[in-house]
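I opened a new page for this chain today. My plan is to go from the overall picture down to single residues.

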Amino acid sequence: MCPAWVRDIVKLDERTGVRVVPSGPGPDRVPGLLSDMTAVTHAGRESGCTVIVDTAPVMVANDAVDFLPSVDWVVLVVRLGRSTERSLKATMQSLELNHATVVGWCRKA
């Protein structure tokens with residue numbers, strides 16, 4: 001069963017039927033969010049839901065790396081015409097150093 005505060009922040013998208021936690025304003029402190037996100041992902045798993053966490057790019061903000069212990073897999077989004085080979089190599093090195101399991105990538109135009 002989800003904690004009450006998790007039920008309060010999860011919203012149902014009527015069009016798709018997907019439950020989401022909207023981002024809201026930018027966080028001032030990521031470490032405090034880490035325990036909250038862990039609770040949300042745990043509640044999702046316990047209720048049989050697939051949880052997808054969308055973060056800032058790995059090389060732009062620490063969020064993605066900080067959240068890695070709370071996720072099972074990573075799907076890397078590559079921006080067509082904007083992502084460089086150098087940045088992709090650096091991103092993959094960072095993910096590997098943090099023991100992330102990269103299961104795929106997708107191209108964003």
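This is a predicted model: local features need pLDDT of at least 70, side-chain atom pairs count only at pLDDT 80 or more; totals for chains, interfaces and linings use all residues.

Below are my entries, in the order I looked things up.

**Entry 1: the model and its confidence**

I looked up confidence before anything else. The mean pLDDT of the protein chain is 79. I found that 85% of its residues reach 70 or more. Which element has the lowest mean pLDDT, and which the highest? Helix α1 (residues 4–9) is the lowest, with 71. Helix α4 is the highest, with 91.

**Entry 2: the layout**

I listed the elements next. The protein chain has 4 helices and 4 strands. Along the sequence I read the pattern α-β-β-α-α-β-α-β. Then I checked burial: of the 109 residues, 19% are buried. The accessible surface comes to about 8,500 Å². Carbon and sulfur atoms account for 55% of that surface. I also looked at contact range. Taking contacts between residues at least 6 apart in sequence, 63% join residues at least 24 apart.

**Entry 3: β3, α4 and β4**

I turned to the strand pair. How do β3 and strand β4 (residues 102–108) run? They run parallel, joined by 6 bridges. The chain goes from β3 through α4 to β4. I logged this β-α-β crossover as right-handed. Within the pair, V74 stands opposite V102 in β4.

I then looked at the two faces of β3. V74, L76 and V78 form its covered face. V75, V77 and R79 form the uncovered one.

**Entry 4: T91 in helix α4**

I picked T91, which lies in helix α4. Is T91 buried or exposed? T91 is buried, because its relative accessible area is 9% and the cut-off for buried is under 20%. I looked up its contacts, leaving aside neighbours within four places in sequence. T91 is in contact with V58, M59 and L76.

**Entry 5: the salt bridge**

I searched for salt bridges. The structure holds 1. Which side chains meet in it? They are those of K89 and E85, at 3.2 Å from N to O. Both residues lie in helix α4 (residues 85–97). They are 4 residues apart, about one turn of the helix. I jotted down the general point that side chains of opposite charge can pair when their charged atoms come close. I checked exposure too. K89 is exposed, at 51% relative accessible area. E85 is also counted as exposed, at 58%.

I looked at backbone angles. H99 has a positive phi of about 60°, although it is not a glycine. As a rule, most residues other than glycine have a negative phi. Where is H99 found? H99 is in the loop between α4 and β4. H99 is exposed, because its relative accessible area is 71% and the cut-off is over 50%.

I then took the separation from V65, which is found in helix α3. V65 and H99 are 34 residues apart along the chain. Their C-alpha atoms are separated by 10.0 Å. Not counting residues up to four places away in sequence, V65 touches V58, S94 and N98. V58 is also among the contacts of T91.

**Entry 6: two loop residues**

I finished with two loops. S70 lies in the one between α3 (63–67) and β3 (74–79). S70 is buried, with a relative accessible area of 7%. Which residues does S70 touch beyond four places in sequence? They are L34, M37, T38, T41 and R45.

V18 sits in the loop between β1 (11–12) and β2 (19–20). V18 is partly exposed, because its relative accessible area of 44% falls between the cut-offs of 20% and 50%. Not counting residues up to four places away in sequence, V18 touches K11, L12 and D13.

Conventions: Residues are numbered from 1 along each chain as its sequence is written. Side-chain values use heavy atoms; hydrogens and water are left out. A salt bridge is a side-chain nitrogen of Lys or Arg within 4 Å of a carboxyl oxygen of Asp or Glu. Buried means under 20% relative accessible area, exposed over 50%, partly exposed in between (1.4 Å probe, protein chains only). Contact means heavy atoms within 4.5 Å. Accessible areas come from the Shrake-Rupley method with a 1.4 Å probe; for residues, only the protein chains shown count as cover. Two strands pair if DSSP finds at least two bridges between them. A crossover is right-handed if, with the strands pointing away from the viewer, the path from the first strand over the helix to the second runs clockwise. pLDDT is the predictor's confidence in each residue, from 0 to 100.
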